[in-house]
Amino acid sequence: MKRISDLEYLKLPRYKRLAYKVASFFASIPGAVWGLIKKIGLAIAGLFAGIGREISDIVSTFVHGSAPTKISYVVMGYGNMARGQWLRGILFLLFEIVFIGYMILAGGHWLSMLPSLGKQGPTEVYDWVLDTYTYEYHDNSFKILLYGVLTIFFIVAFIYTWRVNIRQNKIAEQILASGKKLKSGKDDLHSLVDDSFHKTLLALPMTGIIVFTVLPIIFMVLVAFTNYDGTHNGYSNNLFHWVGLDNFNTMLSWTANTRGGTQSYAATFGEVLTWTLIWAFFATFTNYFLGMLVAMAINKKGIRLKKMWRTILVMTIAIPQFISLLYVSKMFAKNGIMNGFLMDLGLIDQAIDFFGDASKPWLARVTVIVINIWIGIPYLMLMATGILMNIPQDLYESARIDGASGWQQYSKITLPYMLFVTGPYLLTSFTGNMNNFNVIFLLTGGAPTNSAASSAAGNVGYTDLLITWLFKITTGPQSQYYLASVVGIMVFVVVALITLIVYSALPSIKNEEDFQ
Amino acid sequence: MNTAAPVKRHMGLRASRRAANTAIYVVLIAISVIWLIPFICILLQSFRVESTNEVGYVVPHVWGFDNYVNLAKTDFWRWYRNTFVIAICVAVFQTVIVLCMSYTLSRFRFKMRKPIMKLMLVLSLFPGMLTMIILYRVLADIGLTQANAVPGLILVYIASSGMGYYVSKGFFDTISKSLDEAARVDGATRLKVLVKIILPLSKPIVIYTILTAFMAPWGDFVFARYISMGTSKGMNVAVGMYNWLNKDQIGSRYTMFCAGGVLVALPVTILFLMLQRYYVEGVTGGAVKG
Amino acid sequence: MASVTLKGVKKIYDNKVVAVHDFDLEIKDKEFVVFVGPSGCGKSTTLRMIAGLEDISEGTVEIDGTVVNDLQPKDRDIAMVFQNYALYPHMTVYDNIAFSLRLKKVPEEEVYAKVTNAAEILGITDYLMRKPRALSGGQRQRVAIGRAMVRNANVFLMDEPLSNLDAKLRNQMRAEIILLRQKLNTTFVYVTHDQTEAMTLGDRIVIMQDGYIEQVGTPTEVFEMPANIFVAEFIGAPKMNMMKTRLERNGDSYTVSPFGATMRVDGEKCASLLEHHAGSTDITLGVRPEHIVLREGPAADAIPCTLEVNEMMGSELHLHVYTEDGSRLIVRVPTLSLSAERRAALTRGAKLYISFESRVMHFFGPDGINLLTDLKNVRTATSSGDR
């Protein structure tokens with residue numbers, strides 16, 4: 001595609017400019033993809049180059065190093081201790097001892113079991129004392145997988161620490177060679193509240209995140225490649241084992257699978273994903289625009305009792321969602337207040353089954369979106385109020401002099417400004433709504449039931465999102481953890497794709513900080 | 001407005017402005033009614049005596065405190081206490097963790113800063129529910145589920161709370177770095193800078209963090225339900241009261257649900273309205289910052 | 001091309017605060033008028049009333065003979081440049097400048113021609129596709145001016161357009177505004193708090209304080225014949241020295257005796273005082289720092305004083321001195337008018353003798369009004385204090 005200069009571009013008539021923009025967007029896609037591939041390639045190459053550099057540095061440090069440095073290659077922290085840095089040295093040594101001890105006592109065992117996830121399941125043994133059969137436990141797949149992953153983490157951490165230990169020797173030698181003094185243990189402790197304060201501050205939060213988020217996510221991603229479910233729970237019954245990509249094949253195949261109802265998993269997945277995206281779109285944008293309108297109404301010049309209107313709406317944020325959502329779901333029940341009210345008014349003569357009528361899936365879906373407006377507007381109103389007040393007044397004054405009408409001021413200034421500022425928020429809000437478990441689960445529980453997609457393994461409803469489906473698979477009668485894990489990975493892929501596309505399509509999002 | 005200029009046009013402008021405002025008032029009143037009705041209904045029905053089931057009308061025929069009294073016959077107060085304990089612990093620890101995380105990422109420039117922020121972004125793209133199964137199994141192994149679900153839940157809530165650093169980082173970013181630098185030049189350590197300079201300036205965001213951390217456990221449902229696994233002793237209010245609206249219980253527990261709902265909502269709402277100002281600052285600041 | 005006439009314009013806010021009192025002014029076609037005054041003096045408010053951004057509480061604003069009180073800003077045929085530029089952050093430079101034209105449904109080819117022409121004049125052609133945040137302060141300023149330019153308005157309003165720029169850029173942009181004015185050849189109303197800007201840009205200057213006009217005049221007029229003490233102190237830097245003293249009339253001659261030095265008032269000033277029938281009275285005698293001369297030694301008509309601070313400004317020296325009764329004065333002397341050893345002697349504590357000719361004296365009566373002014377309705381304002 002031919003690139004044109006700015007002035008040439010501006011000279012084009014309006015529709016051609018649009019066409020040029022669209023064309024150049026599509027023309028940029030191969031370049032962007034190629035750029036991404038190149039970046040990944042470079043990253044991998046960089047990784048290997050980095051490893052190469054590290055290894056050569058390790059070797060050269062050994063060759064040129066003094067005796068304490070050389071001993072440190074085997075006895076971690078020896079160099080530190082030999083140079084008087086007792087605190088560091090002892091910590092290094094302690095870590096090494098713990099690591100070796102762990103690997104001998106447990107780590108080696110878990111690691112060796114990891115490829116098979118256990119060979120011998122529980123056996124029934126006759127207990128002479130109790131005169132009954134009891135289980136004798138042998139291998140436990142769950143534990144093998146968990147501790148296997150943990151052991152790998154530990155090994156990586158050890159290699160890193162070992163490397164740090166060597167680098168410290170090298171640096172210490174350089175410092176001593178230049179005639180300066182090394183840091184004492186006291187200095188090290190002091191730096192924890194000063195130069196290295198960030199390490200102190202991050203230690204606790206990052207440990208929590210690694211143990212309770214990173215590790216579980218890696219574990220669950222691995223589960224997608226096993227047959228871990230209620231009957232293969234790797235604990236009291238049968239072991240589970242690696243199945244490769246079987247689960248992904250199941251999920252993405254178009255042949256009906258009895259465990260997934262009368263239609264194929266791929267069809268169900270497609271339906272649920274489509275609804276999830278539709279839901280996320282409407283849930284995000286209806287709230288966004290209506291919330292903005294309410295905020296503008298309240299903030300309009302001459303409207304009194306601004307604080308009261310705002311407080312009424314804000315109050316509804318405070319009330320725990322399970323109360324309001326459960327109550328509202330009952331209001332919309334067949335014998336609920338809503339139907340009673342509508343019948344009293346004579347608008348309908350038969351109660352509407354908002355969430356139960358499988359023949360009208362869209363009734364339930366639209367109702368859910370409408371109720372979500374009720375939930376979301378107060379929050380959006382607050383946010384929009386803050387932003388609207390931040391829009392410099394002189395923009396409007398300038399626009400008035402330029403001849404913009406009220407509507408034009410809104411459409412040409414307020415709205416673009418809001419979108420511009422809240423771009424990142426809209427993205428997180430969209431992905432947040434895709435995973436909005438509470439609203440769907442408490443309002444409808446996924447109802448009405450989609451019979452073609454439901455089976456003994458669990459129900460799937462027309463208002464189910466991927467996330468509530470995931471929950472149902474997990475807690476369903478068969479506890480198909482492996483399938484839940486596949487769905488979870490799919491959710492990740494979809495969300496990540498959307499995020500990636502939005503980030504690359506809207507450059508303003510990247511530099512949102514410049515805007516302020 | 002008594003100018004020598006034509007008066008007629010002025011009045012025209014004014015009248016149309018007044019008409020627009022009247023329309024807005026009508027809309028605002030309608031909105032207020034729609035938003036308040038469910039809560040008014042809950043309040044009214046919690047005083048209903050004649051029937052404990054769902055009915056098609058709102059105003060009770062017979063008024064009384066029966067439902068509130070009857071709550072004592074259930075596990076309600078135990079759930080209430082559980083939730084309160086969780087909320088307090090989470091509010092304290094989560095605030096500390098979030099502030100540590102966001103302050104560090106806002107103020108320090110170190111090698112791992114960008115990678116950590118990228119990692120947080122990637123992690124946040126995974127549905128949190130995915131990890132529920134393994135967390136349950138691990139907690140079960142150390143005996144922190146079912147009857148002991150309360151400490152287990154606290155652990156789960158606070159462990160990953162560092163990921164919610166974004167809003168307060170945005171706030172810290174707005175505090176001028178020259179303050180840090182001035183204090184550093186004056187000889188303060190990084191710890192002193194945080195405690196003596198930054199925290200006193202961060203009252204709004206600290207309160208916002210405490211408030212949101214305190215409120216979240218009152219509404220959490222999924223994890224609480226999974227980890228308590230049907231054991232009433234370890235439930236929070238959301239899980240416990242959710243069951244009251246089951247098909248087989250709703251007939252006898254519906255008005256009790258309303259009464260319980262009022263008791264749960266009241267303290268949280270009052271606290272919230274008192275600290276509303278800080279909440280608003282957090283929401284708007286966080287949204288603009290992303 | 002248009003004239004602007006303000007008749008008895010008043011601005012009263014809801015809380016009964018009066019921001020502008022009975023403002024009367026006639027701005028001629030193609031005139032460049034500068035409103036200047038300390039912050040809060042009502043200059044911006046007046047400008048915004050001309051623009052139609054503020055309601056006019058009382059009085060009328062006419063543009064080209066038409067009362068515009070009830071016209072929307074867009075119908076007043078004006079263009080305005082704001083202090084913070086008011087650039088639309090989400091639009092490119094091109095779209096910013098084209099905004100008003102597009103609202104008027106001007107055909108795109110014409111928009112292109114006008115925008116590129118304006119960009120050419122302002123030297124921002126290379127930035128047309130950028131967003132405002134990617135521009136420097138000076139470039140943003142140019143875009144804001146470009147946006148006003150393309151409107152081809154009859155009246156060009158500027159509200160402190162240079163106050164957000166650094167000193168160097170401000171000087172440069174000031175020169176560019178003078179050039180721009182020659183190119184556009186239209187009526188300008190310009191608001192600033194900086195008297196240098198006012199003096200260099202304006203055909204006429206309107207000096208305001210507390211919502212009142214203190215004086216209207218050409219730069220030369222307000223500099224040479226300030227109507228009252230406020231104007232005298234406001235215009236010129238460093239500000240005029242004020243000395244409490246007495247004007248004595250003996251027949252047809254006058255003397256003043258600031259700080260014990262007796263000076264005869266002669267020449268045209270004497271004639272002028274006679275013309276205004278000035279008698280013996282307490283006055284404030286004003287003399288600009290640059291009009292004071294250093295004497296070699298004590299004399300009957302020289303004020304003895306002590307040097308406190310010597311500020312070397314390059315081409316000139318600012319000498320801060322105090323008299324025997326502790327009053328502070330500033331003396332401004334060209335550096336090269338003094339010999340090297342004389343300059344070396346100007347250290348803290350040095351004894352100096354200063355005097356001035358009678359033609360540089362300004363006489364302000366007890367009410368603060370210039371004894372020699374012919375202007376009517378001069379406010380009896382006293383010193384501005386600090387500025």
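**Ground rules.** I number residues from 1 along each chain as its sequence is written, and chains are lettered from A and ligands numbered from 1 in the order in which they are written. Because the model is predicted, local features need pLDDT of at least 70 and side-chain atom pairs count only at pLDDT 80 or more, while totals for chains, interfaces and linings use all residues.

**Domains of chain A.** I looked up the division first. Chain A has domain 1 (6-63), domain 2 (65-244) and domain 3 (258-515). The bounds come from an automatic or database domain assignment. The centres of domain 1 of chain A and domain 2 of chain A, taken over C-alpha atoms, are separated by 36 Å. Their contact takes 4 residues from domain 1 of chain A and 8 residues from domain 2 of chain A. I count two residues as in contact if their C-beta atoms, placed from the backbone, lie within 7 Å.

**Chain A against chain B.** I then turned to the contact between these chains. It takes 77 residues from chain A and 66 residues from chain B. Helix α8(A) gives the most to the chain A side, with 17 residues. By class, that side of chain A has 54 nonpolar, 19 polar and 4 charged residues.

**The helix pair.** How do α8(A) and α5(B) pack, and at what angle? Helix α8 (residues 197-223) of chain A meets helix α5 (residues 132-141) of chain B at about 110°, with the axes 9 Å apart. Helices (H or I, at least four residues) and strands (E, at least two) are DSSP runs, numbered from the N terminus. Axes are lines fitted to C-alpha atoms, for helices over the stretch in contact, with angles from 0 to 180 degrees between N-to-C directions. The two helices are therefore roughly perpendicular (65 to 115 degrees). From α8(A), the contact uses A:F212, A:P216, A:F219 and A:M220. From α5(B), it uses B:I133, B:I134 and B:L135. I note 7 nonpolar, no polar and no charged residues here.

**Domains of chain C.** Chain C splits into domain 1 (4-224) and domain 2 (238-364). Their centres, over C-alpha atoms, are separated by 40 Å.

**The six-stranded sheet.** In chain C I traced an open sheet of 6 strands, in the order β6-β7-β8-β3-β9-β10, with mixed pairing. Why do β6 and β10 of chain C stand at the edges? Each has a single partner strand, so one side of each is left without a neighbour in the sheet. The twist averages 15° from one strand to the next. Strands β6(C) and β7(C) run parallel, joined by 4 bridges. Pairing needs at least two bridges found by DSSP. Within this pair, C:A79 stands opposite C:F156.

**Strands β1, β4 and β5 of chain C.** β1 (residues 4-12) and β4 (residues 58-63) run antiparallel, with 5 bridges. C:K7 has C:T60 as its bridge partner in β4(C). β4(C) also pairs with β5 (residues 66-67) in the antiparallel sense, over 2 bridges. There, C:E62 is partnered by C:V67. The hairpin of β4(C) and β5(C) has 2 residues between the strands, and C:D64 takes a positive phi near 55°.

Technical notes. Angles under 35 degrees count as roughly parallel, over 145 as roughly antiparallel, 65 to 115 as roughly perpendicular and the rest as oblique. Ala, Val, Leu, Ile, Met, Phe, Trp, Tyr, Cys and Pro count as nonpolar, Asp, Glu, Lys and Arg as charged, and the others, Gly among them, as polar.
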